[in-house]
Structure formats: structure tokens, C-alpha cells
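Dear colleague,

Please find below the structure I promised to pass on. My notes on what was found in it follow directly after.

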Amino acid sequence: MKTGVCYYPEHWPEERWAIDAKHMRQIGLQVIRVGEFAWSRLEDEAGNLSFDWLERSIDTLYAEGLSVVLGTPTATPPRWMLDRYPDMLAVDANGRTRDFGSRRHYCFSYEPYLLECQQIVTSLAQRFGDHPAIIAWQTDNEYGCHETSISYSSHAQTAFRTWCKDQYGSIESLNDAWGNLFWSMEYDTFEQIGLPTGTVTESNPSHQLAFWRFSSHQIRQFNKAQVDIIKQYSKGTDVLHNFMGNFVEFDHHDVSQDLDIATWDNYPLGFLTRDNTNQQDQERFSRTGHPDSSAFHHDLYRGCCNGRWWVMEQQPGPVNWAPYNPSPIDGMVRLWGWEAFAHGAEVMSYFRWRQAPFAQEQTHAGLLLSDASEDVAAVEIAQLNQELEWLRQATATDNRTRDVNPGSPDVLSRKVESDVAIVFSYAGIAIQDIQSPGGSQFSALTFCQQVYSACRQWGASIDIVSKDAKLDGYKMVILCNCTEDDPVLVNKLVKLREAQRCVIVMFPGTGSRNANYRFPENLPPGHFQQLLNLRVTRSESLPPHEKLVATSSDKHSISCRQWREHIESDIPPTSRFADTWGFHYSDQRIHYINAVPEQQDLTILIGELLQQAKVDIKNLGPYLRTQKLGPWRLAFNFGADAVNLIESLGAVFDMHSDTTLMIGSQTLAQGEIALWTVE
């Protein structure tokens, strides 16, 4: 794993560039991102290109032995662009224009802006496509950030009508697929179709889902247009995009099909205070981030581009955009770096090099303070880089850990090998979010993260994969948001069942809607009934105060909230609620969990399923986490109390009294990591 930083040479005097580049190298940084917000300095008026300053800055970085990721500036169209194209702005669901004055002020469906983007990308790729410093290109920046995935502009409406015609062929087919006979919503022509907003009451969920798919498609097409140009003029150079955390407004798996590397922007403390509604988590992890938040996204984005992934922006200190912005405890920046390494990152890049003394992000920490003196993160990252270099040298001379391929350019390059796969569906989340089956408090993404967290508490290594991924080789496959009834996925799972190769676990909502948001003809879970002979005859959401307890014949109980389904089946449930509704149906190695357990009970249930799958597990509790990468195992402590690794991990996770640690100690304080070689 290399480390890097996001740098903005246009923000600082040119005489500062060489000083910064030397300082970056001294800290041990290797990969520097530039250019992604600089359009107004690259083209200050239409057709007047000014690339010389950018080339000088890249040359300066290269002279210090630094590699460069060049970003296309299309997330920040300059003011003259709006004068030229006043209709280019996106429109929100309430009809409000998303105006100039920050960033991402464009509509993906506005074709003249796409042409402008293609022109600037072409000019950049022609100028810098062969520059020896550039190891990768980044397209745009954080697609969808600030709720910009979906635009309700007139241009989006026109493009959506065309998309519908391409998808359905005839207006009769669309009416039938969407069930428009209901409430006399039938259309006579495609030109009558509006956008699913502004209706008297809820718009047709089929309409909403189609518009979500269309909007995701527009992002992929916008991204692909840039990728195709870069590939033409910068042959053999990787192209990537920086996705975000806790973000499902479009299908990242789909967009990633045109990329070489998936990267993402990791702000653990910002995500906790903005997105996590659990008060206990807020209190326990306010200065460390949730122990499974970063890991979840590492594993998610590792599944997007055949295992190749980076962190493009890593939080180095307090951020500026969350409801509360605490400072991480000492050691957390280093820990987050090692955590990314443990999950197979190629690059860990920090945002940003130097704190900006102006504009919107003044209180967002960098590696340097605004006066160019070092902040805490610079010291921790220097330590991380020294440790990585030490490990690299130690590995190169150790026959036990030497790469299978002796010609590998990096002896630390390893792949994560996981026992558990979580099949993750962006469309499945969209289906559940449109009409939440668990009521207004239920989040399909959060529930998936809770299932992931339960697996991690037992020490399992997890791949998060798309429905198109190969599933052979896993001991357990989990479907916690596969709401779409997918016969292709079902066929893969049936083959696994027939071969008795793994435990398959389905959670509520699996296969409950088809691609057009209709119930399967044979009732949910649709085609998944081929795995387990049952059908869902009723679904109910529960108010926050209501907790239902399912009890088994041996008096084992499990508490559920938010959502449960009534099952009709010849298979006896493992437990029953007081009103006789069954809970948890299984046949040999196939399981259907038809309610949402509370986190503590969910963790116990997952542990039982992992045992059936013969995964090596031990309950690590809420604070300790471990991950295996190639010949190494790493441990991380997010809790305030020190932990004894021999007691907490034991032989199950390769920790013995005579284990020699390469980094860290067998007593791990908060924010500390340990690394050792697995014999």
C-alpha cells in the first residue's frame, strides 16, 4: 500500500510547490491527486486554455519522485459556463434550481454540458496523456454528492422519456409493467410521462424505481464518456472515480464496469455524527469512528473493480461538514491507514495536504495547518510509512511471507481471502427505500451494515459483492438487501445448494419485487422459493416502541423490531412469536430470516450460522476487530479499555503466548494496532 494526499497547487504561490513536494516525500507520501476542482484556472473563459501552470506543478511533484493522479475538473463548472448555458443547472424534487456558488451544479442530462466536459477532458488527455508522472486519472469528483444524483429538470424529463421508450418499446408495455391501470394513471404516449414528483400523494413506486434506474444510467453514461476519451489518449493508464460512504443513490457496481479502480472517500467521524442514529454508537465511538464503518466500505468497494481499490480521501482530523466535528484520538489516523492495508488497499490518500484559510472548508483539517506547519496527522502518517517500509523490507527477506510471484513489484501486495460473501444490491436498496417495508425508521443500508457488523464481531472476513459476482468458494452467502427477484442469482445459489458448498442466508424482503416493482406472481420471495419452499403472505412494519419476542421450544428467545413477515410453509419455524407467527425457517443449509432482530440477537444468530458454515469464529465484542491479509493478521482496538490479544483472539485467530508481533504488542490500547505473521 502506498500513501498519498490531495493537493491544490492553484491555492498556493508557485514558489511554494517545490517546498511542498519535498515535504511530501520526506513524510513518505507517493501518490498526489491534483486538478479535480481547477476548471476556472484551466479555462478562465470559453476556449482559453491555461495548462502551463498545471504542467509545472506536475513536473515539480515528479522531480521529487512523486506520482500523480490527475482529476478531470467537471464537478466544478466555472461561472462563464452558466452564462453560456443557463439551463445546465440541476433541479431538486421541489422545483428549486441548484444554483452556482459551490460545486456539482450541473444536470447529468444536459447534453451541451456533457459536450463541454468532453472537450476539456480531451484537451487534458491530449496534453498530459503521456506524462510520466501520471499513474491514474480520476473522473469528476464524488458523483451524487449533495443529493445531485437525481435532477428533476426539463432536460432530465426529456431524456427519461427517451429512456422509457428504449426500455419498454411501447406505451402499452410501460403501462402494463407499471400497473398504471391503478388510479387511471395510464399514458397514451411517452411524451406524456412526467417525473415522479409534485403529485398529490405518493407517485407510483414503479415510476420512482424506473426514474432511479434512469438517473443511475445517466451517471454511468456521463462517466463513460470521460473514460473513453482518457483511454484513447492515455493508453494503459488506470482510470478511477472516488465514490462516497453511506451513499446508494446510484448503482456503483454499474458505473465501476467502465473503471480500472474503485476509490472512495472515508470520513469515519463525519459519517458517525451525520449518519449513525444509534446514540450508544455516537457516545462510544465519537473519536474513533464505528469499528465496522470503514471496513464495510473497504470491502464494498473492493468488490467493484475485481479487487482493485483505493481510499482517495481519508479524514486526517476534524472535518467541517458533519453536525458535530470532533477530533480523532491520537493514533487513529495511523490505525485507519493500517485498516485499509488489512483490507487490501493499493493506496491510502489523505484529504488534504494543507488546511485552506478561505472558502467553505476552512475548519477541515489537513496534514498541514494553514500556515504550513505540520498538524498531528503528518506525524502519524510519517510513522505509518516508516512501518510499511520496514514491513516491506522484512517481507522481502523472509521466505515464509515472500510473494508467490517473485517478480511482483511490491512484496506487500496481497489479496483478501474471505469465508463470507454479502451480496449487495443497489437496486434492492432503492426498492426498499421507495416504500420502506420497515416503516419510516428502517434503513435498508443500515440493516446491511448491521449484518456485516455482526459477522465482523465474530472475526469473519467478508467480501461484499454484486449479484453478478462468482459465489463459489465461500462458506456462507448472505442476502440482506436482494429485494429484486433475480432468477440469474437464484440459479447460482441453487447450484451452490446442490453442491452443498455453503450456508445460504436470506433476510426479509428477499425477492419481494420484480424489476418493475411488482409482486412476483407466486408471491415473495419469488424465484428464491426454489431454495426454500415458503411464501410471504403478509408483511408488517412495527412502531418504534414495539418489540416482539420469538421463542424456540428450548426457551431460546430473540427480540425483533421494525419489520416482520408472515410465512406460509410446510417447513416448521425454529421459533414463534406470541401471536403464533413463525420466525426463522431453514432446511439443512438454507435459511430464511423473516424479521429484523435487534443487534445483540442478530449477532448471536449470525454466530450460529457461521458455526454451521464451519467458519473459525470467536466473539470479539464491540471494540476489537481483526483481519487477515495474505500471511499477516492484524488487530485493531476501538475501545477505551486495553485488550489482551491472547485472551481476546486466542488460537482461533493465530495468537499464542509465544507469538512474535512485527508491529504492536499483545496488550492493545485504544487506537493501537498489532500485526503478526501467521505460521
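Glu 339 is buried, with a relative accessible area of 2%; buried means under 20% relative accessible area, exposed over 50% and partly exposed in between, with a 1.4 Å probe and protein chains only. This residue is found in helix α13. Leaving aside residues up to four places away in sequence, Glu 339 touches Pro 291, Ser 294, Ala 295, His 298, Arg 456, Phe 636 and Phe 638, where contact means heavy atoms within 4.5 Å.

The model is predicted, so local features need pLDDT of at least 70 and side-chain atom pairs count only at pLDDT 80 or more, while totals for chains, interfaces and linings use all residues. Residues are numbered from 1 along each chain as its sequence is written, and side-chain values use heavy atoms, with hydrogens and water left out. Helices (H or I, at least four residues) and strands (E, at least two) are DSSP runs numbered from the N terminus.

Helix α13 (residues 332-342) lies across β22, β23, β25 and β27 and runs at about 145° to β23. Axes here are lines fitted to C-alpha atoms, for helices over the stretch in contact, and angles run from 0 to 180 degrees between N-to-C directions. The four strands form an open antiparallel sheet in the order β22-β23-β27-β25; two strands pair if DSSP finds at least two bridges between them. Because β22 (624-629) and β25 (661-663) stand at the edges with a single partner strand each, one side of each is left without a neighbour in the sheet. On average, neighbouring strands of this sheet are turned by 30° against each other, direction ignored. Within the sheet, β23 (residues 632-637) and β27 (residues 673-677) pair in the antiparallel sense over five bridges, and Phe 636 stands opposite Ile 673 in β27.

Helix packing

Helix α10 (residues 268-275) is mostly covered, with six of its eight residues buried. These are Pro 268, Leu 269, Gly 270, Phe 271, Leu 272 and Thr 273. They pack against β8 (261-266), α11 (279-284), α12 (293-302), β9 (309-314) and α13.

From α6 the contact uses Ala 156, Ala 159, Phe 160, Trp 163 and Tyr 168, and from α8 it uses His 207, Ala 210, Phe 211, Arg 213, Phe 214, His 217 and Gln 218.

Strand β16 (residues 548-552) has a covered face, formed by Leu 548, Ala 550 and Ser 552, and an uncovered one, formed by Val 549 and Thr 551. Four bridges join β16 to the antiparallel strand β17 (residues 557-569), with Thr 551 opposite Ser 557. The two strands form a hairpin with four residues between them. Lys 555, in the loop between β16 and β17, has a phi near 75°, a positive value in a residue other than glycine. Lys 555 is exposed, with a relative accessible area of 67%. Strand β16 is also joined by two bridges to β18 (residues 573-576), again antiparallel, and there the bridge partner of Ser 552 is Ser 575.

Backbone features and cysteines

Which peptide bond has an omega near 5° and ends at Arg 352? The bond from Phe 351 to Arg 352 is cis, and Arg 352 lies in the loop between β10 (347-350) and α14 (376-396). A cis peptide bond also joins Pro 524 and Pro 525, with omega about 5°; Pro 525 is found in the loop between β14 (503-506) and β15 (534-541). Asp 654, in the loop between α19 (645-648) and β25, has a positive phi of about 65° although it is not a glycine.

A search of the whole structure finds zero disulfides, a disulfide being a pair of cysteine sulfur atoms within 2.5 Å. For Cys 145, the nearest cysteine sulfur, that of Cys 6, is 14 Å away. Cys 145 is buried, with a relative accessible area of 9%. The sulfur of Cys 305 lies 6.2 Å from that of Cys 304, its closest cysteine sulfur, which is too far for a bond. Cys 305 is buried too, at a relative accessible area of 5%.

With kind regards
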